[in-house]
Number of protein chains: 2
Amino acid sequence: MSDVLSTKESHVDVLIVGAGPAGLMLANWLSRCGVVTRIVDKRGTKIFNGQADGLQCRTLEIFDSFDIAHRAWNESNHMLEVCLWNPDEHGVLRRSNRMADTSPGISRFQQVVLHQGRIERFFLDSIRAHSDITVERGVLPTSFQFDDSKASDVGDYPITVTLRTLSEAVATVAQRQQHHKSVDGTQEVVSDGLFRSNLVADDTEDLIRKATNDAESVETVRAKFMVGCDGAHSWVRHQVGFRLEGDSTDYVWGVLDIIPITDFPDIRHRCAIHSVNSGSVMVIPRENKLVRLYIQLKETERGQGGKADRSSITPEIILQHAQRIIHPYKLDYSYCDWWTAYQIGQRVGDHFSLRDRVFLAGDAVHTHSPKAGQGMNVSMQDTYNLGWKIAHVVNGYSEGSILKTYESERRQVACDLINFDHRFSRLFSGRPAKDLMDEQGVSMEEFKDALEKSRGFASGIAVKYGASVIVAKTEDLADQENGTDVRVSSAISKPHLATGIDVGKRMPSFKVLNQSDARPWHLQELLKSNGRWRLIVFPGQLTKPENMQRLQQLGTKLGSSDSFIRQYTPSCQTIDSVIEVLTVHAGPRADVELLDLPDILHPYDERTGWDYWKVFVDDKSYHEGHGEAYASYGIDPTRGASVILRPDQHVSWVGEMDDYDEMSKFFSGFMKPQ
Amino acid sequence: MSDVLSTKESHVDVLIVGAGPAGLMLANWLSRCGVVTRIVDKRGTKIFNGQADGLQCRTLEIFDSFDIAHRAWNESNHMLEVCLWNPDEHGVLRRSNRMADTSPGISRFQQVVLHQGRIERFFLDSIRAHSDITVERGVLPTSFQFDDSKASDVGDYPITVTLRTLSEAVATVAQRQQHHKSVDGTQEVVSDGLFRSNLVADDTEDLIRKATNDAESVETVRAKFMVGCDGAHSWVRHQVGFRLEGDSTDYVWGVLDIIPITDFPDIRHRCAIHSVNSGSVMVIPRENKLVRLYIQLKETERGQGGKADRSSITPEIILQHAQRIIHPYKLDYSYCDWWTAYQIGQRVGDHFSLRDRVFLAGDAVHTHSPKAGQGMNVSMQDTYNLGWKIAHVVNGYSEGSILKTYESERRQVACDLINFDHRFSRLFSGRPAKDLMDEQGVSMEEFKDALEKSRGFASGIAVKYGASVIVAKTEDLADQENGTDVRVSSAISKPHLATGIDVGKRMPSFKVLNQSDARPWHLQELLKSNGRWRLIVFPGQLTKPENMQRLQQLGTKLGSSDSFIRQYTPSCQTIDSVIEVLTVHAGPRADVELLDLPDILHPYDERTGWDYWKVFVDDKSYHEGHGEAYASYGIDPTRGASVILRPDQHVSWVGEMDDYDEMSKFFSGFMKPQ
């Protein structure tokens with residue numbers, strides 16, 4: 001049938017394959033940057049239940065930079081405490097420890113849990129509010145060509161993809177239906193997540209075959225860039241010939257999303273429960289009274305090739321395992337929202353990019369166990385890293401060289417994730433040690449230590465990008481995980497000027513006050529994801545004449561008609577649209593008047609007057625205390641410092657408050673004069 | 001034409017006339033309580049600009065109880081500081097004082113400013129999410145009959161109203177259009193708010209005449225209750241024959257909503273600016289870079305009857321006055337969003353209700369100057385007071401006697417408002433005193449003191465309802481403002497058991513932790529406006545055996561099949577649906593297990609298990625400090641206390657933690673056994 005269809009042709013800056021969290025995060029970024037984007041997904045509908053995941057602090061910070069964090073924060077369940085339950089000396093289950101789930105002080109958010117379908121909804125609403133981009137569902141790429149000769153010109157279209165629109169029947173995957181336990185004798189059905197479990201064969205090949213015979217329309221798309229956000233069985237990865245490297249373990253886990261009926265005291269805390277001999281349970285309390293249980297299935301039959309036999313797994317079997325582990329407490333349910341089972345596998349892609357034109361992100365380049373609540377977060381953070389880079393290259397602000405940093409930065413994170421998950425899974429799946437001499441068992445002290453240490457990693461805050469043209473540091477060039485040829489910046493940071501700020505990490509956030517209206521803001525709230533670079537000037541105490549003088553001199557250079565800010569900003573755009581200057585002085589607020597500061601720090605517009613939203617102060621607020629920003633950032637208020645931030649809030653450079661030349665040198669490494 | 005239209009007839013529990021903030025607040029309340037409601041407005045469209053107002057702390061607390069506060073909080077401009085500007089000894093304008101706009105500590109919100117149209121939008125979205133109620137626009141009541149013989153049976157329909165649907169042309173009021181100042185020579189137009197100013201005659205009579213000739217449909221509605229939220233020219237008030245009492249002053253004020261172009265340093269703070277001889281300006285910074293200026297017009301021509309001549313007032317004239325007052329600072333604009341002018345009048349209705357069947361609310365019973373930012377707040381709080389009372393009577397939970405408290409409670413507030421506004425307007429409109437001997441001028445010290453003292457009143461938090469059947473107190477029976485025969489409760493409060501809680505005021509809010517998941521909540525966040533009464537048990541330290549014993553005894557009584565909770569709750573509803581029991585113990589959290597507490601404090605449901613969201617603790621949180629709730633409420637943790645809260649968060653009764661008999665006596669004063 002396909003050959004009788006007329007084949008449309010179109011051009012696009014970016015083609016995104018896959019509309020899960022990674023693909024939607026990318027589409028969302030591009031929607032804010034005016035990039036011509038299409039996003040397709042082979043499934044006919046978005047998901048409606050199951051697939052929950054924890055949201056890390058860092059993910060919530062990123063959401064907030066897109067103005068959607070409040071929706072996740074309000075709807076989600078907040079996890080405050082982790083409780084460890086282990087057999088006591090008599091083999092009876094006891095609470096052995098309580099600790100904070102999120103380390104206090106690392107972020108203004110804490111880890112929460114929310115159904116993935118809601119998160120996708122927030123992205124869809126956000127994309128619609130900022131662009132004409134819509135997710136094209138039931139659309140499948142079926143062929144791929146790459147013209148290597150066009151790859152070096154970022155304005156050209158080296159990628160050719162055939163897209164086929166599936167008929168609705170083909171795009172809608174049948175789910176197995178399970179009968180629902182019910183107290184009143186009526187039977188309801190509950191979704192079965194096995195259709196997306198790694199225990200079930202992928203259906204992409206099958207869909208392509210059907211699409212070739214049965215597509216409702218066919219289209220040829222030529223793209224400058226393509227990003228595969230299409231999951232562990234990634235079609236895009238297969239096309240570019242990359243591989244996932246790593247192994248599956250023997251551990252098989254069942255997952256139940258239920259409203260629990262139980263006398264277990266900590267059912268609304270995150271719990272790691274180790275039984276003597278029956279395996280482990282992870283308790284993840286969720287929204288809407290739901291609790292997710294990850295349950296170790298000790299005696300599952302294995303089929304050929306080491307894969308567990310899916311036909312033997314039912315919600316009743318999973319519940320029975322849980323009941324044995326949680327004994328002597330009782331556990332049952334009337335309502336089950338979703339269930340699945342999976343086998344842990346830890347794998348990382350050997351490459352993340354083909355000539356910086358085709359990229360892979362999310363499950364397409366790293367798979368691991370879901371219990372640590374990392375998967376969706378790391379996937380979204382992949383494309384959060386990539387989105388602004390593609391946008392800046394497409395929009396002509398940046399040279400293509402910045403795209404190399406995607407692989408150098410994100411492959412390191414993926415390897416760290418897999419190492420973390422490997423260690424954590426082993427400890428969590430292991431049988432508790434009977435005593436000090438029991439070397440095969442897991443010491444509960446060791447498990448607790450691992451859990452405590454993992455919190456920094458699990459928060460997403462600890463991610464620190466290596467040296468590159470967009471991260472000016474010298475200390476850890478050797479740390480780069482891969483062979484990508486990443487150029488480094490010729491600008492040199494002076495990290496001792498801001499000892500609380502790590503070059504390469506995301507900028508920490510403390511409260512500062514708007515100079516003009518005394519309103520307190522978390523600094524991060526000022527760093528919206530709108531594609532702008534930011535120079536944050538910390539001039540120190542402006543009551544010191546030498547500080548005011550240095551600031552005036554900096555202001556003169558930044559404000560001049562040949563400054564790097566003006567040089568890299570298209571003349572038709574406002575002066576803050578590519579590199580925005582923010583100022584945070586050391587106070588007191590009442591001793592400084594905005595209009596005494598250089599104009600470039602509060603630019604004038606002839607229709608709207610002065611800009612009152614760019615100068616801030618580290619001072620006491622009326623209602624929310626003192627942010628102590630200078631002390632927390634480790635900046636000397638008698639000397640000051642300046643910081644350059646990437647559009648994704650990561651720190652690029654730290655230097656002297658008025659070191660205009662180093663700032664200029666930094667940007668000259670990759671920006672294109674307009 | 002009307003007599004050829006077929007006349008529909010319908011019955012409704014509540015007919016609301018007027019869909020401004022007061023009417024929408026009421027419809028919103030009733031949408032949460034399942035009351036059959038209609039709301040009509042004579043205007044064909046909602047408003048789109050102008051009509052801004054401050055939102056008090058208390059209004060935001062109320063919004064939060066309906067889950068809409070975050071929208072107002074995020075979109076609004078936050079006012080943190082008030083600055084006073086006065087002539088110095090040389091007659092030159094100087095900043096003489098800064099102070100917090102909202103007194104620190106009185107609420108978890110601070111005063112903000114947002115366009116009324118957005119607030120109406122939040123209500124409309126909320127109403128739609130909870131009911132089928134829709135605002136019927138361009139619909140005008142044209143006749144009213146009241147059958148006194150039906151007024152004593154709350155199930156009967158004593159009210160008959162004819163509603164006429166206007167043609168679109170008639171319902172859309174013509175606004176005067178003003179040319180817009182523009183830097184590039186193009187001319188834009190700006191809305192003129194005079195059409196709703198009190199300088200323009202009301203058009204209701206005119207509309208009724210047109211409607212009688214030209215209505216597109218006519219309908220007869222029979223209602224149990226009717227509420228007039230139809231503004232200063234209230235048609236409902238005229239029908240029931242009540243009057244507004246009070247006077248207009250000579251002060252005429254202009255209002256400009258502009259994006260200011262100025263070198264005045266405090267343009268983003270609320271400012272009260274007194275010039276030597278040119279009058280006063282109030283600066284109210286708003287959202288979207290706008291600033292509202294209230295500008296005293298000293299030399300406006302008066303027409304007949306003391307009303308200012310509207311034809312002499314233009315935005316240019318108002319701006320010129322502002323420029324004289326703010327001299328030597330410069331003030332201009334390119335963009336003007338809206339403007340109007342008004343003459344201050346302070347009036348209060350002589351009655352608020354006809355036989356507790358027809359009620360008046362908002363501007364229909366109190367008018368005053370807008371500068372204090374009170375109008376919209378007090379209007380919405382009128383119907384927030386009234387909504388749950390009507391709902392409880394309609395739903396058969398309560399006797400009709402509670403409706404009398406609407407007038408006794410809200411007329412007092414209206415009188416307080418008018419007195420406040422009278423004093424504040426006089427001080428603000430007056431010329432600054434030249435020296436101590438200048439008795440005609442206003443002393444700036446006096447003005448500052450008045451402003452400081454006014455903050456409690458202006459926050460809305462200070463409102464304290466008098467003794468009645470639903471407020472059990474004895475201390476201030478004599479304070480009731482009016483002759484309404486309000487019965488009092490036979491239950492007796494013991495206010496010394498909770499010295500931080502005022503019987504009759506709204507419950508103060510401090511942070512407490514959920515016992516089951518350690519999540520911190522502001523206590524007020526637990527008090528959603530869903531129509532429930534609440535008993536909050538503060539049992540003190542449960543590690544003290546006598547406290548645990550008293551709690552167990554209370555639990556036994558509350559949980560028994562003949563308890564007052566069971567008695568007043570329809571048997572088909574959940575046990576917490578009319579009177580919800582919340583517990584806040586004194587900690588530590590880790591020393592108490594939820595399931596050791598009486599079942600009634602965490603009710604069991606056979607489909608969803610135990611209720612984990614009703615028991616809280618006063619303890620330190622992991623990330624948000626210690627709420628110190630017992631200390632702040634003035635409750636002795638070795639003894640405890642109990643508190644009964646109305647569905648509108650006002651405190652009804654304070655007594656011994658386990659004083660079941662007084663609790664029961666309180667509810668027996670007005671609740672109906674089911």
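How many residues of chain A are in contact with chain B, and how many of chain B with chain A? I found 52 residues of chain A in contact with 52 residues of chain B, where contact means heavy atoms within 4.5 Å.

**Ground rules.** I am working with a predicted model, in which local features need pLDDT of at least 70 and side-chain atom pairs count only at pLDDT 80 or more, while totals for chains, interfaces and linings use all residues. Residues are numbered from 1 along each chain as its sequence is written, chains are lettered from A and ligands numbered from 1 in the order in which they are written, and side-chain values use heavy atoms, with hydrogens and water left out.

**Interface.** I looked up the buried area, the accessible area (1.4 Å probe) that two parts lose on being put together, summed over both. Chains A and B bury about 4400 Å² between them, with 52% of it on carbon and sulfur atoms. A:R607, A:Y622 and A:H623 supply 17% of the area that chain A buries against chain B, more than any other three residues.

**α2 on α9, chain A.** Helix α2 (residues 57-65) of chain A packs on α9 (residues 375-394) at an angle of about 45°, with the axes 10 Å apart. That makes α2(A) oblique to α9(A). A:M380 and A:Y384 turn up here too, and A:I62 and A:F63 are among the α2(A) residues in this contact.

**α2 in chain B.** Is this helix mostly covered or mostly open? I found it mostly covered, with 9 of its 9 residues buried, buried being under 20% relative accessible area (1.4 Å probe, protein chains only). B:R58, B:E61 and B:D64 are among those buried residues. Just after α2(B), I saw that B:D67 takes a positive phi of about 65°.

**B:T367.** My last stop was strand β21 (residues 366-367) of chain B, where B:T367 lies. At 12% relative accessibility, B:T367 counts as buried. Leaving aside neighbours within four places in sequence, its contacts include B:L244, B:R347 and B:I418.

Key
Axes are lines fitted to C-alpha atoms, for helices over the stretch in contact, and angles run from 0 to 180 degrees between N-to-C directions. Helices (H or I, at least four residues) and strands (E, at least two) are DSSP runs, numbered from the N terminus. Angles under 35 degrees count as roughly parallel, over 145 as roughly antiparallel, 65 to 115 as roughly perpendicular and the rest as oblique. Buried means under 20% relative accessible area, exposed over 50%, partly exposed in between (1.4 Å probe, protein chains only).
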